[in-house]
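Okay, thanks for coming, everyone.

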Amino acid sequence: MVSAEERVAVSSGKAALSGKADKADRDTEQTMGKSDKRIRPPGSKSVGWALVQAARLHRSRVGDRLAALDLFAGQEQVVQALAVAGTMTMGDLAATLRVRPPTASKTISRLAALGFVERRAEAGDGRIVRVRLTDAGLAKAEAIERIWDEVESEMLDGFDGKERRRLRKLLRKAARNLADVSGVTGHEVEGDADIEIDEDEPDALVVPIQGDRLD
């Protein structure tokens, strides 16, 4: 039979445990409350978030139009680079777009299968392969230029000339910073050397950079 003293001890123990549980719950709530206050809504002050959103929407918008040309978003960058340069080695192409050589090579293979580019071994050194656009590829390049102009006009609607130049230079600077810390080597893009110059000076056309995915 349980004595009165034992019942009191059991009751006191339960009360103590209940008190500890309540305190633990309060501590958890306070900790969660503090944690919640430190969490910012996505994109509230993040340049990276805004950049990713703009890039994703731009890629999707361009991709919808490229589908009519039998191209995927990213492949047009290779076509644009070759349209400007005429002929390039695989190494030069990868460096211009700031991607790894295997990425550029895979994209060239796909474009070659579509008949848009052709590859030729360098005279005197078969290890060096040069690529250039075919007549069909040149026609695609003209269509791509129109698409980029249309989407750029949509994206920068309401921007004046100075704002467009400043945004372009800031994005090039950001891309250069990331390329440096990532160890992605590449040619200096025309206009990179002028990033710090007066914003009112016009810039040359720059081949767009969208990371290491060309598809």
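This is a predicted model: local features need pLDDT of at least 70, side-chain atom pairs count only at pLDDT 80 or more; totals for chains, interfaces and linings use all residues.

Residues are numbered from 1 along each chain as its sequence is written, and side-chain values use heavy atoms, with hydrogens and water left out.

So, helix 4, residues 90-97. When I say helix or strand, I mean DSSP runs numbered from the N terminus: H or I with at least four residues for helices, E with at least two for strands. And buried is under 20% relative accessible area, exposed is over 50%, partly exposed is in between, with a 1.4 Å probe and protein chains only. Six of the eight residues in helix 4 are buried, so the rest of the structure largely encloses it. Those are Met90, Leu93, Ala94, Ala95, Thr96 and Leu97. What covers them? The cover includes helix 3 (75-85), strand 1 (87-89), helix 5 (101-113) and strand 3 (125-133), going by contact, which is heavy atoms within 4.5 Å. Just after helix 4, Arg98 has a positive phi of about 55°.

Next, salt bridges, meaning a side-chain nitrogen of Lys or Arg within 4 Å of a carboxyl oxygen of Asp or Glu. How many are there in the whole structure? The search finds five. One of them pairs Glu154 with Arg65, at 3.2 Å from N to O. Glu154 sits in helix 6 and Arg65 in helix 2 (residues 47-66), so this pair ties together parts 89 residues apart in sequence. Glu118 bridges to Arg120 at 3.7 Å, and also to Arg132 at 2.5 Å. That Arg132 link runs from strand 2 (residues 117-122) to strand 3, 14 residues apart. Arg132 itself is partly exposed, at 34%. Shared partners also join Arg61, Arg65, Glu150 and Glu154 into one network.

Last, the surface. Patches use residues with over 30% relative accessible area and no salt bridge, joining like charges within 9 Å, and nonpolar side chains (Val, Leu, Ile, Met, Phe, Trp, Tyr) within 5 Å. Areas come from the Shrake-Rupley method with a 1.4 Å probe, and for residues only the protein chains shown count as cover. Leu51, Phe159, Leu167 and Leu171 make a nonpolar patch, with about 300 Å² accessible together. Leu171, in helix 7 (residues 161-182), is partly exposed at 39%.
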